[in-house]
Amino acid sequence: MIFNPKIEMMPRDELKKLQSERLVWQVNRMYERVECFRTRMDLNGIKPSHIKSIDDLHLLPFSYKKDLRDYYPYGLFAEPLENILRIHASSGTTGKQIVVGYTKCDLDNWAETVARSLVAAGATKASLIQNSFGYGFFTGGFGVHDAASLIGATIIPISAGNTQRQVNTMVDFGSTMLTCTPSYAMYLGEAVEEAGMRDKIKLKAGVFGAEPWSEDMRHAIEYKLGIKAYDIYGLSEVQGPGVSYECEYQCGMHICEDLFAAEIIDPDTGEVLPEGSTGELVFTTLAKEGFPVIRYRTRDICSLVYEPCRCGRTHIRMNKPQGRSDDMLIIRGVNVFPSQIEEVLLNSGSGVTPNYQIIVDRVNNTDTLDVNVEMSEDFLQDEVRSIEMLEKSIVDKLRSVLGIGAKVHLVNPKSITRSEGKAKRVIDNRKI
Ligand code: DLL
């Protein structure tokens, strides 16, 4: 099903016209209202009048996460606070939190984009959506909440955490759709299994996002919960969830291009890369009022897909981000994404689970990489030889994928702490 066929299936020439009109509007408005943007435009010798269509996007200056810290809390808002209905914030790992604000129109557009995602995953008025994304400053909970109301579905606003209660609710209320982070979905899958409730749940689909997850992780979740799992992407600085989402064909996430213009750039030079290249994803919000951004550097690494999709939606797709460039580890001079390690582990046979931890350290000036992986319950724990063989096979696979050696430790089932939100899988002791 398609929530808004008029927009989601808009012919590309009309979409381009809409994007162009909105970009011109946004640039003029921001030049007037946002000092940081105006100063950067002036420094680059660009006037709003130079921007005539979406093809001129590359002329505009970039914006960065650091801007949100430098202009904390409201310095980048383009509307007075009296027009801001909601504030969200994200703490980040270091320094000040970042703050974003939404007008009524922003909240409406946000609900609309997440509704597109939920409907693409099969949501209707009759759905019971168990929303296990955290409510609060994090955008996941409220983002899904408002969208469910727009569809007319029943929302179960349980938020993240209290896993036993999640399972009971799923069973007692008859939830048909689950929304949360993929790592929490995995955890809930284990809890359902443990409680022997697999036959008692009525879930049909789940919409998961907020962190990178591999295809193998998708299959593991689908198997555990007996559902079809869909991906949803977004970031607070651009909106929150719903910037892009998967349709039933699951071949990339359709970007809501009526509201967000996407580019892929070389993260080092800032050059826009040719269609299909992998690089840093950059977004411009075309209709955001409260907290608009122009050419925002997401640090997410992925590629865009321009071929038409079988679903009939005309909006381009983005491939699953491998992770943020700031999540990329440099180990002995080699670039390593945690998602590459996850893929190896999940392809290592039935002995291992998707629960793992990556520990990076520096010993005698040399980087070390240790990977703790939980064994599955049914793996022959008492057979030392088979444990050693499995460890060795993972070490070999990691070496061939990453190009560096790692130590692999198979650890006992349930010994790695589960996450209720975004999983923290990397411990980099070199930074401490
Ligand atoms: O995670 C918004 C969100 C909530 C998206 C719920 C989807 C579902 P932030 O906390 O600002 O916002 O984190 C944004 O998370 O730049 C990506 O690195 C990562 N991310 C989000 N969705 C995905 C996804 C929310 N589907 C950052 N796949 C982004 C991979 C994702 N990474």
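Predicted model: local features only at pLDDT ≥ 70, side-chain atom pairs only at ≥ 80, totals over all residues.
The shell around the ligand comprises 20 residues, of which Asp 231, Ile 232, Ser 236, Asp 300 and Arg 324 come nearest. By residue type, this shell divides into nine nonpolar, five polar and six charged residues. Helix H6 (139-151) and strand S7 (228-235) each supply at least two residues of the shell, and the largest share, five residues, comes from S7.

For Asp 231, a polar side-chain atom lies 2.8 Å from a nitrogen atom of the ligand. Oxygen atoms of the ligand are involved in two further pairs: one is 2.6 Å from an N or O atom in the side chain of Ser 236, and a polar side-chain atom of Lys 422 lies 2.8 Å from an oxygen atom of the ligand. The protein buries 95% of the 600 Å² that the ligand exposes when taken alone.

In soluble globular proteins, nonpolar side chains tend to be buried together. In the present model, the largest nonpolar core has 69 residues, and Leu 118 and Phe 283 have the most contacts inside it. Helix H5 (residues 104-120) gives the most to this core, contributing seven residues. When neighbours within four places in sequence are left aside, Leu 118 is in contact with Ala 123, Ile 129, Val 144, Ala 147, Ala 148, Ile 151, Met 177, Thr 179 and Val 207. Another core, of 25 residues, lies apart from the largest one; its members include Val 336, Leu 345, Ile 387 and Ile 404.

Methods:
Residues numbered from 1 in each chain as written. Heavy atoms only, no water. Near = heavy atom within 4 Å. Polar contact = N/O pair within 3.5 Å; in protein donor to acceptor, adjacent residues only side chain to side chain. Areas by Shrake-Rupley, 256 points an atom, 1.4 Å probe, with all protein chains shown as cover. Helix = DSSP H or I, 4+ residues; strand = E, 2+ residues; numbered from the N terminus. Nonpolar A, V, L, I, M, F, W, Y, C, P; charged D, E, K, R; others polar. Core = buried A, V, L, I, M, F, W, Y, C linked by side-chain atoms within 4.5 Å. Buried < 20%, exposed > 50% of the residue type's maximum accessible area, 1.4 Å probe, protein only. Contact = heavy atoms within 4.5 Å.
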